[in-house]
Amino acid sequence: MSGIRRVAVLGAGVMGTGIATHLANAGIDSLLYDMKKEGPDPSVLANKAIQAAGKARPAPLFRGTDASRIRACNYDDDAALLETCDWIVEVVVERLDIKQKVFDWVAKNRRPGSIVSSNTSGIKLADMAATMSEEMRRHFLVTHFFNPVRYMRLLELVVGPDTDPAVAQQMADFGDRVLGKGIVWCKDTPNFIANRIGTYGMGSVFRHMKEANLTVGQVDAIFGTPMGRPSSAVFRTADIVGLDTLVHVFENLHAYLVDDEERDVFQVPDLVRTLVAAGQTGEKAGAGFYKKVKGPDGKSVILQYDFASGDYVAQEKVRADSIGKAKKAETPAGKIAAMVWGDDDAAKAAWRCTADTLIYAANRIPEIADDVVNVDRAMRWGFGWELGPFETWDAIGVGRSVSRMQEEGRTVPQWVLDMLASGRETFYARDGGSWNQAARKGGVEPVPQYAGQIFLADLKAAGKVVDRSVSADLVDLGDGVLGLEFHSKMNALDDVIFGMYGKALDKLDAGEFEALVVGNQDPRAFCAGANILMILMGAMQGQWDQIETQMRALQDLVMRAKYSARPVVTAPFGLTLGGGCEVSMHSAATVAGGELYMGLVEVGIGLIPGAGGCKEMVVRYLGDFPQDVEVDPNPFVQSIFQKLGLAKVSTSAEEARDMGFLRPTDRVVTNPDRLIAEAKRTAMGLAASGYVPARPRTVKVPGTTGRAAIELALYQMQNGGFASAHDVVVGKALANVLCGGDVPWGTVRTEQDLLDLEREAFLSLAGTPATQARMQHMLQTGKPLRN
């Protein structure tokens, strides 16, 4: 679709390697270029970068073997290969003279018509294109990725006056559909959108922390999660980025922004220069605003830099009423409002910096972007803010906050005042099932949305809700496809969700819809598992008949979905654990998000998967072998046991496929905004093709022979101190289910046989005091207990 099948990445540093590895995640081959080195491996720089990527954490690759899609090259020996590439992206050091030398080399070796781009974060496109030919300028643009490339969604695109619009759209489509990026269109201004606003926000913090006499720890306690920002907040983020890099960004902005009304904010703070001069440049140097040391007990302790003494000191416990209220708020809007409208010192600091940033962002339109949505998306996707500046302004109340700004003598941009004067009170407003945004020139404009994306909230606002409950809704996705959306806390499974799932299947059976998609658009989790409290309360009250009935009903429900006469397609992403994994696996097909953290983790609370997880893994591992062929099932069952017994969780959709949680035929979608739409398209395709569900499976199990081998390993782990007595109890119960129960080797078992074993083991374990203690501990602390 995109026409981009092979990419040349010029520069094997952190960013270049990150781009190459994410191309590999998307199934795109790349050539990773760097300088030639004399010796047996002239491309040693690129080769070392590829090898390091395979060991890096967090992993830049969906699966380690995908590194084979990256070929190490050097500029001297492999110049002729450049003409085989459809896109060439420059990722060398941020110096115009060096970039121009690289572009001269590109011009001599590229194929006419190939796309050329720069990953620069601060050099103007016009300056880089000045010496290019007319044809190359037509195919040239800026493609600014954020680090780490796999995990940061933002891709800023900048086009020049000569860039062919078709080329720009091709890159936008490729970034959106193939790489899964959120596309933001920027003007050719210093540091574009995200770094311009983000750096200003950091400069504002530096300015006000000095006035308020705030410490490093206090600043990060205020401007992290309570403000809807990443937990790394300000100074931890600076340490990760590198203080020397921070200096470069500040200096670049200060040099270029000669007419900026807030130019002084971009002067490098003295305290940052002091740290850099001392070599304390952040995490890579072992010290920056924070420093990790060994305490007297040998454990790691993180100290914070004290500006007054110049020493590293212990971090204080930061407490403030506003922070406490923000942490209790259930929405990002509620968090930020709690912070800025509080009356303690933390709230006052939050307000000052927020007010600065909101006014500055409003003054940057149309300088850096044409509309508010590109600014908001840039900050959400590039800096991890839960709400962008204009979304934040809506959350705290535009009219109320503007009044406060004016009372404090701040100058609010005229176009914001004009918006309020027109009677419009927010930058964003719903218009039926879609959104519009306030325009800088007055009036409103639609919020742009890429074709092929479905947002459940928009459908619900447009009146497409078929049925509603406190934990799940049924939504008409159109074209004969019904959607089942979970929306309980962390989308944990409960009786209400089970009931709504049953209603959805009833509607399929009645022919009201042709297919069902199970998914949601919570940014964190498809489903974090079952409601532990519900299980614990039933167990402690001895309601065994009720629990058994519920477990059997849940097993019947997922089996009904798996073998439904009309296709059920699941769309997992993010956290998909325990019962969420089981729901996902029981389907005609799965369309998964690339960032998928999937696993059957019930052993962590002293249970085993009880809603078909054990059964489905055994069927997937053993069900494809013809039963007239003698195959030893033990290695396969032992592999399953390792995954479930150690509660292993995938770190990507491709790793989930390798582990058996996804099938070889299941699809992976890198862009989360496209997941529901692609799942719907898959469901429609199955329905249109005359879908017939698969036949129920049978498997040959290892029986008591296989169980004995696993039990021996469990006892060895216990004797070695790697497993507790209750770990062995849980492990033996799991082994019994996976091996097919108390039967001889080679016995043929049905899916229902395995489900019955699951249910029996689940109930037995739920009745033990040790498992109940583990469930209580998980509910209280969110962490597993070893007992």
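Predicted model: local features only at pLDDT ≥ 70, side-chain atom pairs only at ≥ 80, totals over all residues.
I take helices (H or I, at least four residues) and strands (E, at least two) as DSSP runs, numbered from the N terminus. Residues are numbered from 1 along each chain as its sequence is written, and side-chain values use heavy atoms, with hydrogens and water left out.

**Entry 1. Backbone exceptions**

I then checked burial, where buried means under 20% relative accessible area, exposed means over 50%, and partly exposed lies in between (1.4 Å probe, protein chains only). Asn 491 has a relative accessible area of 1% and is therefore buried.

I found a positive phi, near 50°, at Ala 233 as well, a residue other than glycine. Ala 233 belongs to the loop between helix H8 (216-222) and helix H9 (235-241). Ala 233 is buried, because its relative accessible area is 13%.

I next noted cis peptide bonds. One runs from Arg 57 to Pro 58, with omega near 0°; Pro 58 is placed in the loop between helix H2 (44-55) and strand S3 (70-74). Another joins Asn 147 and Pro 148, with omega about 0°, and Pro 148 is in the loop between strand S6 (140-145) and strand S7 (154-159). For context, most residues other than glycine have a negative phi, and most peptide bonds are trans.

**Entry 2. Single residues and their surroundings**

For neighbours I used contact, meaning heavy atoms within 4.5 Å. For polar contacts I required a pair of N or O atoms within 3.5 Å; within protein, one must be able to donate a hydrogen and the other to accept it, and residues adjacent in sequence count only if both atoms are side-chain atoms.

I located Asn 191 in the loop between strand S8 (182-186) and helix H7 (194-212). Asn 191 counts as buried because its relative accessibility is 2%. A polar atom of its side chain lies 3.1 Å from the backbone oxygen of Ser 121. Leaving aside residues up to four places away in sequence, Asn 191 touches Ser 121, Gly 122, Arg 196, Val 249, Asn 252 and Leu 253.

I placed Ser 322 in helix H12 (residues 321-328). With 2% relative accessibility, Ser 322 counts as buried. Its side chain makes a polar contact of 2.9 Å with the side chain of Asp 344.

I found Asp 176 in helix H6 (residues 165-178), and at 1% relative accessibility Asp 176 counts as buried. Not counting residues up to four places away in sequence, Asp 176 touches Lys 181, Ile 183, Tyr 450, Gln 453, Asn 671 and Arg 674. I also took the C-alpha separation of Asp 176 and Val 618, which is 37 Å for residues 442 apart along the chain.

I turned to Leu 712 in helix H28 (residues 703-719). Leu 712 counts as exposed, because its relative accessibility is 51%. Its C-alpha atom is separated by 9.9 Å from that of Lys 732, which is 20 residues apart along the chain.

**Entry 3. Helix pairs**

I fitted axes as lines to C-alpha atoms, for helices over the stretch in contact, with angles from 0 to 180 degrees between N-to-C directions. I class angles under 35 degrees as roughly parallel, over 145 as roughly antiparallel, 65 to 115 as roughly perpendicular and the rest as oblique.

The axes of helix H15 (residues 372-383) and helix H16 (residues 389-396) come within 7 Å and cross at roughly 100°. H15 is therefore roughly perpendicular to H16. Val 372, Val 375, Asp 376, Met 379 and Arg 380 of H15 meet Pro 389, Phe 390 and Glu 391 of H16.

The axes of helix H25 (residues 634-645) and helix H29 (residues 725-738) come within 10 Å and cross at roughly 140°. H25 and H29 are therefore oblique to each other. On the H25 side the contact is made by Val 637, Ile 640, Phe 641, Leu 644 and Gly 645, and on the H29 side by Gly 731, Leu 734, Ala 735 and Leu 738.
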